[in-house]
Structures are given as structure tokens and as C-alpha cells.
Amino acid sequence: MNATLANETLTATATELYRDLIIRATLGQVEEAAVWYHEAQEVAQEVAHNLNASLEVGAGVVSAFSPRERWSSNVTKAIAYSLGHEVKGLSNNLKMANAVLDEGFSALKGLKTNAFARAIAGDTDAVVIDVWMRRAAQLKNDSPTQAQYLALTKATVKVAGEFGLTPRTAQALIWIVVRGSAI
């Protein structure tokens with residue numbers, strides 16, 4: 001099977017799986033998804049305020065600390081960093097946070113971290129494909145190719161339109177249904 005056909009098949013399969021997850025969502029999960037990024041933006045605003053920086057920088061710092069972190073730890077590290085405290089963890093996350101101070105979103109080279117920062121900052125079309133979105137699409141690997149990432153993004157945008165949701169809210173809802181609580 002050629003790569004284009006494989007990615008079209010992945011988009012179709014993921015669309016079906018994502019649709020089924022949204023249909024299964026409880027009202028509480030829908031409500032949680034509707035506010036998730038707004039609440040994340042409040043964290044980014046606090047980080048930005050502490051750094052005397054823009055929301056883009058605040059969201060970028062929050063995103064920089066997201067790889068391999070639970071949300072609660074991500075928030076703790078981003079706020080500690082913004083207050084000038086030492087932050088332990090993956091050295092690459094700290095390097096990304098430092099780069100964000102000068103470069104904003106463009107410092108975040110990874111598709112996931114860049115999309116996450118944009119979604120937190122208010123881009124309702126940004127779609128974050130993380131391990132939970134890959135598992136929801138029943139991908140076996142936790143590190144998708146760029147083409148797979150884009151195929152899953154396309155599937156998310158499609159189901160968002162079907163349900164009258166923004167892409168970032170649809171992604172949050174799928175994530176919440178698959179992962180469980182957003183905390």
C-alpha cells in the first residue's frame with residue numbers, strides 16, 4: 001500500500017473511531033472538554049504575567065513542559081519556571097522553555113508542542129495529537145510520522161465539524177474519553 005493510501009485509510013479509520021468516542025461521551029465529559037483549554041489558558045496567562053511576557057510566551061512555556069508530564073506536574077513546573085525557581089525534569093523541556101522566551105511559538109519545533117501552545121493561547125483550530133489521541137486511533141506506535149500526525153489531525157477536524165465543535169474542543173473531548181479525567 002502506498003503512503004498516500006495508507007494515510008487516507010488512517011484518516012478514515014481514525015475519523016470513525018473518534019466519532020464513536022464522541023458519541024460515547026457523557027455530558028460531564030462534554031462540559032469538561034468545553035472548558036479545558038480555557039482553563040489551560042488561565043495557567044498560561046499566569047505564567048505570562050509572572051514573566052512579564054505575552055500570552056504566546058506563557059502558552060509556549062506551558063507547552064514546553066508538557067512532554068512526558070501529567071497535566072498537574074506540567075502546570076507546577078511551568079509556574080515554578082515563571083517564578084524563577086529551579087525546575088527538575090527533562091532537560092529538553094527546559095531548553096524549549098528558555099527558547100520560547102526569545103522565539104515564541106517558533107521555538108517549539110515538535111508538531112505536538114507547537115499545536116499545544118497555539119491551542120492554549122486560543123487557536124481553536126489547533127489539534128494536539130499526543131499518545132492518547134494515537135491510542136484513540138488505535139495506532140500501535142507512540143511516535144507517529146508527520147504524515148500520520150496530519151492524518152489524525154484531519155480526522156479530528158472532520159469529526160469536530162460533524163458535531164459542531166471546534167477542532168481543539170473535539171480533541172480535548174476525545175482525549176478525556178480515552179484518558180479519563182483531564183487532571
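# Reading an all-helix predicted model

Modeller: With 183 residues, a compact globule would have a radius of gyration near 16 Å, and the chain agrees because its value is 16 Å. That radius is taken over C-alpha atoms, and the globule rule is 2.2 Å times the number of residues to the power 0.38. This is a predicted model, in which local features need pLDDT of at least 70, side-chain atom pairs count only at pLDDT 80 or more, and totals for chains, interfaces and linings use all residues. Residues are numbered from 1 along each chain as its sequence is written, and side-chain values use heavy atoms, with hydrogens and water left out.

Biologist: How many helices and strands are in the chain?

Modeller: Helices (H or I, at least four residues) and strands (E, at least two) are DSSP runs, numbered from the N terminus. The chain has nine helices and zero strands. Its C-alpha trace spans about 50 × 40 × 25 Å along the principal axes.

Biologist: What percentage of the residues of the chain count as buried?

Modeller: Buried means under 20% relative accessible area, exposed over 50%, and partly exposed in between (1.4 Å probe, protein chains only). Here 48% of the 183 residues count as buried. Accessible areas come from the Shrake-Rupley method with a 1.4 Å probe, and for residues only the protein chains shown count as cover. The accessible surface of the chain is about 9100 Å², with 54% of it belonging to carbon and sulfur atoms.

Biologist: Is Thr113 buried or exposed?

Modeller: Thr113 has a relative accessible area of 7%, so it is buried. Its place is in helix H6 (residues 111–120).

Biologist: Which residues does Thr113 touch, not counting those up to four places away in sequence?

Modeller: Contact means heavy atoms within 4.5 Å. On that count Thr113 touches Ser63, Ser66, Pro67, Met96 and Leu108. Ala64 lies 49 residues from Thr113 in sequence, yet the two are 6.5 Å apart in space, C-alpha to C-alpha. For the chain, 64% of the contacts with a separation of 6 or more are between residues 24 or more positions apart.

Biologist: How is a pocket told from a cavity?

Modeller: On a 1 Å grid over the protein atoms alone, a cavity is a set of points where a 1.4 Å probe fits but cannot get out; a pocket is an open set with protein on both sides within 12 Å along at least five of seven lines, and lining residues have an atom within 4 Å of a point. Grid points are joined across faces, edges and corners, and a volume is the space filled by probe spheres set on the points. The largest pocket holds about 890 Å³ of space. Of its 38 lining residues, the closest to the centre are Ser66, Arg68, Lys112, Asp130 and Val131. Helix H9 (167–179) is among the helices that each supply at least two lining residues, and H9 gives the most, with five.

Biologist: What volume has the largest cavity?

Modeller: About 30 Å³. Its lining includes Phe65, Glu69 and Lys77.

Biologist: Where is Arg68, and is it buried or exposed?

Modeller: Arg68 lies in the loop between H3 and H4. At 73% relative accessibility, Arg68 counts as exposed. Arg68 has a positive phi of about 65° although it is not a glycine. Asn52, also not a glycine, has a positive phi of about 55°. Asn52 is found in the loop between H2 and helix H3 (55–64).
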